[in-house]
Amino acid sequence: MTAPAPTPCDLLIEAGWVVPVQPHDVVLVDHAVAVSEGAIVAVLPTAEARMRFAPRETVSRPGSALIPGLVNAHTHNPMTLLRGFADDLPLMEWLQGHIWPVEGKVIGPEFVTDGVTLAIAEMLRGGTTCANENYFFPDAQAATYKRHGFRACVGLPVIDFPTAWASSDDEYFDRAGEVHDQWRGDPLVTMAFVPHAPYTVSDASFERIRMLSDQLDIPVHLHTHETAHEVAESQEKYGQRPLARLDRLGLVNDRLIAVHMTALTDGEIELCAQRGVSVVHCPESNLKLASGFCPVGRLEQAGVNIAIGTDGAASNNDLDMFGETRTAAQLAKAVAGDAAAFSAASALRAATLGSARAMGLDDTIGSIEVGKQADLACVDLDQLESQPLFNVVSQLVYATGRHQVTDVWIGGAAKLRGRELVDLDLPALVANARQWRDRIAALRP
């Protein structure tokens, strides 16, 4: 009896270790992932995969770990063009005295397109395959992400003052509806509402957002409880802490993506757990702006879904999810006073599946499972800095740098191959960033 013919597939990735994330804290040794039509069709031992599949392309990385693409759950990627523009300042002085004034002079489709393109290149070189975007001109953002085949949840902005994007409350909502309708059902680009923060959005606008979020079944992504000052200001103005106000307005539910969350009571943590709120931890931005410390250990113990984001490059100052995940894990231990808090496996899950879940994409990405999209990153662990290797997950979180990412795929399409960007011109990106530097520097007082 003859053996069955091998099954054709588009791509077979062979790795020394496959880290699927789901199941939790599992490492599969000498395994392969088969991909067809952009989706994962099998995860199995390499020897078995070679007999079972006839791939159009094989990528063999015996000294590497294959992980789900990292998912950056909070970004302002056009602001990559403001990296290092106004450093070492408190949050509100940074925003009101420097960032908002210069944005008012440069913001527009060209700034947004060029900033997002630069960010895409940086994220791909660091193993990130999806971003949760929060900025203006979502139409330009969506078109740019789509053009480069990068997965993104693009925010529909709402804020209580005129900007270059919209001049009134009604215009913010009208334009949000237009962009949402244009991109409805796109396989790469999804949408969320992004009211800036409780201190810049009225009750009336939040109520409209809640109604539309329910109708359209899309997330609401906002900064909240970012600083103790924000909480005190809300109590003075509304007689409520921000989360209580959002709850009064019907927004504390499983669509809420609450970013920063540095000032929380035990009752607020329990409320988030009960309602299915996702909390996005942005430790490096919080540290740099002295905003406070997110109680990740307590949130995890309560069962809250935790995601990780870099925030914008203007306040971080990079989009390095490996660095962010390491900082998140280490800081959580210091804040909890417990070296066992927020383990390496938990941190990696937050940077992949937890972030995907926050965005409503956990059925599509975030883990290496049959049926999910092949958003994957290969990390070289054969390098000196990763030796000796005792624990793959620990090494990925505590010792690995983004320079060790060799290959990246989104929906099975190669985006980084042998550390080289597949369809982005690196010298042109650097030259364009430099001309933006000159234009922005000329605007300084």
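Reader: On what basis are residues numbered and values counted here?
Author: Residues are numbered from 1 along each chain as its sequence is written, and side-chain values use heavy atoms, with hydrogens and water left out. As the model is predicted, local features need pLDDT of at least 70 and side-chain atom pairs count only at pLDDT 80 or more, while totals for chains, interfaces and linings use all residues.

Reader: How many Å separate the centres of domain 1 and domain 2?
Author: The domain assignment, which is automatic or comes from a database, gives domain 1 as 7-68 + 374-411 and domain 2 as 70-359. Taken over C-alpha atoms, the distance between the two centres is 29 Å.

Reader: What area do domain 1 and domain 2 bury between them, and which residues of domain 1 lose the most?
Author: The size of an interface is often given as the accessible area lost when the parts come together; here buried area is the accessible area (1.4 Å probe) that two parts lose on being put together, summed over both. Domain 1 and domain 2 bury about 2100 Å² between them, with 66% of it on carbon and sulfur atoms. The contact (heavy atoms within 4.5 Å) takes 25 residues from domain 1 and 30 residues from domain 2. In domain 1, 34% of what that side buries is lost together by the three residues that lose the most area to domain 2, namely Tyr398, Arg402 and Ile410.

Reader: Which residues of helix H5 are buried, and over what arc do they fall?
Author: Helices (H or I, at least four residues) and strands (E, at least two) are DSSP runs numbered from the N terminus, and buried means under 20% relative accessible area, exposed over 50%, and partly exposed in between (1.4 Å probe, protein chains only). In H5 (residues 169-183) the buried residues are Tyr172, Phe173, Ala176, Val179, His180 and Trp183. Seen down the axis, with the arc being that of the directions from the helix axis to the C-beta atoms, these buried residues line one face of H5 because they fall within 130°.

Reader: What covers the buried residues of H5?
Author: On the other side of the helix, Glu178 and Gln182 are exposed. The cover over the buried residues includes helix H4 (138-147), strand S7 (151-158), strand S8 (189-195) and helix H6 (203-216).

Reader: Which residues does Val179 contact beyond its sequence neighbours?
Author: Val179 is found in helix H5 and, at 4% relative accessibility, counts as buried. Leaving aside neighbours within four places in sequence, the residues in contact with Val179 are Pro138, Asp139, Leu156, Trp165 and Met191.

Reader: Is Phe342, which has a positive phi, buried or exposed?
Author: Phe342 lies in the loop between H12 and helix H13 (344-358), and its phi is near 50°, a positive value in a residue other than glycine. At 2% relative accessibility, Phe342 counts as buried.

Reader: Is Asp88 buried or exposed?
Author: Asp88 is found in the loop between strand S5 (70-75) and H2, and has a positive phi of about 65° although it is not a glycine. With 68% relative accessibility, Asp88 counts as exposed.

Reader: What is omega for the cis peptide bond from Gln22 to Pro23?
Author: Pro23 is found in the loop between strand S1 (7-18) and strand S2 (28-36). The cis bond from Gln22 to Pro23 has omega near 5°.
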